[in-house]
Amino acid sequence: MIEIESVTKSYGDVRVLDDVSLTIPTGGITSLVGANGAGKSTLLSVAARLVPADGGRVRVDGMDVATAPGPVLARRLGVLRQENAMSVRLTVRELVAFGRFPHSGGRLTAEDHRLVDEAMAWFELGPLADRHLDQLSGGQRQRAYVAMVMCQGTDHVLLDEPLNNLDMRHAVQMMRMLRGMADELGRTVVLVVHDVNVASCYSDRIVAMREGRLVAEGPTAELMTPELLRKVFDVEVEVHELAGRRIGVPWS
Amino acid sequence: MTAVLTAPQRAARRRRTLVVLAVLTLVVVAAFLTVDVTGSWDYALQQRGRRLAAMAVVAVAVAVSTVLFQTVTDNRILTPEIMGFDRLFVLIQTVGVFTLGAATVTTADPRLRFAVEVVVLIGFGALLYRSLFGRTERDVYVLVLLGVVLGSTFTSLTLLVSRLIDPNEFLTLQDLLFASFNSVDRQMLALSAVLVAVVTAGVWRLLPRLDVVALGRDTAVGLGVEHRRVVNRALLAVAVLVAVATALVGPITFLGLLVANLARQLLGTHRHAWVLPGAALLALLALVGGQLVLEQVFGFNSSLSIVVNFVGGIVFISLLIREPRQ
């Protein structure tokens, strides 16, 4: 469980998070949606202690992320940012193996190797294991990064725009894999998602933000309404039921 | 594009590369110690052994400091020297000669001179890092910018003071400013060796965490590394190592950049446990080889930094041209 209590954050004069309080329950997929600059990524970064909050606090399994020891927290919570350009040259296997660092501190055990292989298999990276990251396509690279976070074996997984760089096929594949992580492995997955329909089709809960504030949160079906989407995105959106899913259509 | 090797094949190749480097270094060292000995072997070995020891100390200090500095600043082009260390050293010497006179500086107890230089350089580094290393990674760039600005300031001050110096004393000063292994004091050498050994041993425990820090701040924090603490410790180590190396033999600007990048390239990894020994061996190879060339080919009519920078520059540029990076 992730408890966010009246978190505020400003960059200079701009208030990017304004008194956000939110509880993300254990299990399932929660998607953060909102327009550009709504504060989704910042909220995710604060929750993952990548960015310090100006006020308020975030607790993961009861631990305050600002004060909990890094290695302890890293066994409970994994995070992937949107930009992951690295100046070092790694193979896929080396990158994924870093996911075991919080557990083994750089000396991999046989169990670690098994988990690395498992994570690579889960994201269909087996044939690419010994390729360098700079020899992969954007989509393959993205899968490798997510595989690293999965390999970390944390109950909570926070991903900022995991569908970045992915074409339709790989986006669907990625969402299925994340769905599997939540359903089969019992992980709590929190995503920042650009496309509200992806959030609608694959997540259990939606958290909607606008201008640094929380607009609404709840089960996906309840939030996929024209009124709420207009409020969040400032644009008229029709919501249609297609094959049991609610799809927003803004192009009218 | 290189062929895809499996992890065990890569590890085997890294080991081979390191062994080849070690053997090459041994050969050059043996040549350095034995070539062209006339007269007493005892005396020759003692003299050359001392120079060799100085080169080993400097090689380790330069290699370790550059690799660490590049890791924590997350780039492959900056070196600690860019932070103005070299130029501060030059300024200290110049001001020393100007205020005390060349005679006083050159005849003063070398240990005292060494101690003053090391303390000033470490103090400078610690002050710079302490006051500037804030919370975010962007601060690294502020730090580097400040280093560059300070470096230019030191150079300008040096120029100003050296114009005021008596021309005869200026010649003495120039001798002090070229990296030289010919006149290293035995006690200074021992002290430097101990300092470098202690710092390197302390750094060794940080290596797995530094491997993670090299992935970038966010990834490192996500993997539970106390990023700021590791970076601060690494920078302190860098300050001490650079100060010791510079005070011991003078400025060797280019060597670190060369060996750190060559080691990564040859070993095909960024893992510090591989890169540090590789870079140190390369540095020793370059210094001893350079000194050998200097003594045998040029008959001491040149300076080691010129030889190292000339050969190093060519190797480095050819590396850049051969392997274009996207």
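Reply:

In chain B, helix α1 (residues 7-34) packs against helix α13 (residues 272-296) at an angle of about 25°, and their axes lie 9 Å apart. This makes α1(B) roughly parallel to α13(B) (under 35 degrees; over 145 is roughly antiparallel). The model is a predicted one, in which local features need pLDDT of at least 70, side-chain atom pairs count only at pLDDT 80 or more, and totals for chains, interfaces and linings use all residues; side-chain values use heavy atoms, without hydrogens and water. Residues are numbered from 1 along each chain as its sequence is written, with chains lettered from A and ligands numbered from 1 in the order written. Helices are DSSP runs of H or I with at least four residues, strands are runs of E with at least two, and both are numbered from the N terminus. Axes are lines fitted to C-alpha atoms, for helices over the stretch in contact, and angles run from 0 to 180 degrees between N-to-C directions.

On the α1(B) side, the contact (heavy atoms within 4.5 Å) includes Leu18(B), Leu21(B), Val28(B) and Phe32(B). Among their counterparts in α13(B) are Trp274(B), Leu281(B), Leu285(B), Val288(B) and Leu292(B). The contact of α1(B) with α13(B) has 17 nonpolar, four polar and three charged residues (Ala, Val, Leu, Ile, Met, Phe, Trp, Tyr, Cys and Pro are nonpolar, Asp, Glu, Lys and Arg charged, and the others, Gly among them, polar).

Another pair in chain B is α8 (residues 186-204) with α11, packed at about 160° with axes 10 Å apart. That angle makes α8(B) roughly antiparallel to α11(B). From α8(B), the residues in contact include Met188(B), Leu195(B), Val199(B) and Val203(B), and from α11(B) they are Ala237(B), Val240(B), Leu241(B), Val244(B) and Leu248(B).

In chain A, helix α6 (residues 138-151) and helix α7 (residues 168-183) pack at about 5°, with their axes 12 Å apart. α6(A) and α7(A) are therefore roughly parallel to each other. Gln142(A), Arg143(A), Val146(A) and Met150(A) of α6(A) meet His170(A), Gln173(A), Met174(A), Leu178(A) and Met181(A) of α7(A). By class, that contact has five nonpolar, three polar and one charged residue.

A search of the whole structure finds five cavities of 30 Å³ or more. A cavity is a set of points, on a 1 Å grid over the protein atoms alone, where a 1.4 Å probe fits but cannot get out, and its lining residues have an atom within 4 Å of a point.

In chain A, β1 (2-11), β2 (14-24) and α1 (40-47) each supply at least two of the lining residues. The largest share, three residues, comes from α1(A). This lining has ten nonpolar, no polar and no charged residues.

Conventions. On a 1 Å grid over the protein atoms alone, a cavity is a set of points where a 1.4 Å probe fits but cannot get out, and a pocket is an open set with protein on both sides within 12 Å along at least five of seven lines; lining residues have an atom within 4 Å of a point. Grid points are joined across faces, edges and corners, and a volume is the space filled by probe spheres set on the points. Angles under 35 degrees count as roughly parallel, over 145 as roughly antiparallel, 65 to 115 as roughly perpendicular and the rest as oblique.
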